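Hi everyone, thanks for coming. I'd like to walk you through one model today, from the overall fold down to a single residue.

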Amino acid sequence: MMRTAVGWHVEMEFQEDDQRTRAVAMVRLPDGSEVRAHGHASRHGSDSNQPRVGEEIAGARALNELAMRLLTKAHDEIDTASGRTSHPIHV
């Protein structure tokens, strides 16, 4: 049986104007560190104003960057613990 040892909560914040949406994603890890990432979306002038779509795109890009930063952090921790340089972790 698998049990949950920890839980992570990702926070997302958005800033929007008529043309752009910016997103910031942040997760606090059990070791006390925080990992942050940013994403953005731009609306083409001929597109209708749909803030939710901009949030989804900017949010997805921020979460993608957050995932890459977490992979890099894990990779660095593996190298530090092992004392050697290992192969990069890929998605």
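I'll start with the ground rules and then go through the fold, the overall dimensions, the charges and one histidine.

This is a predicted model, where local features need pLDDT of at least 70 and side-chain atom pairs count only at pLDDT 80 or more, while totals for chains, interfaces and linings use all residues. Residues are numbered from 1 along each chain as its sequence is written, and side-chain values use heavy atoms, with hydrogens and water left out.

So, the fold. The protein has one helix and three strands, in the order β-β-β-α along the sequence. Those are DSSP runs, with helices being H or I of at least four residues and strands E of at least two, numbered from the N terminus.

Now the dimensions. The C-alpha atoms fill a box of roughly 55 × 30 × 25 Å along the principal axes.

Of the 91 residues, 20% count as buried, meaning under 20% relative accessible area with a 1.4 Å probe, protein chains only.

On charges, there are 11 positive side chains (Lys and Arg) and 14 negative ones (Asp and Glu), with His and the chain ends not counted.

Finally, where does H75 sit? H75 is in helix α1, residues 51–82. H75 is buried, at 13% relative accessible area. Beyond its neighbours within four places in sequence, H75 contacts S86, H87, P88 and I89, with contact meaning heavy atoms within 4.5 Å.

Conventions. Buried < 20%, exposed > 50% of the residue type's maximum accessible area, 1.4 Å probe, protein only. Charge placed at Lys NZ, Arg CZ, Asp CG, Glu CD.
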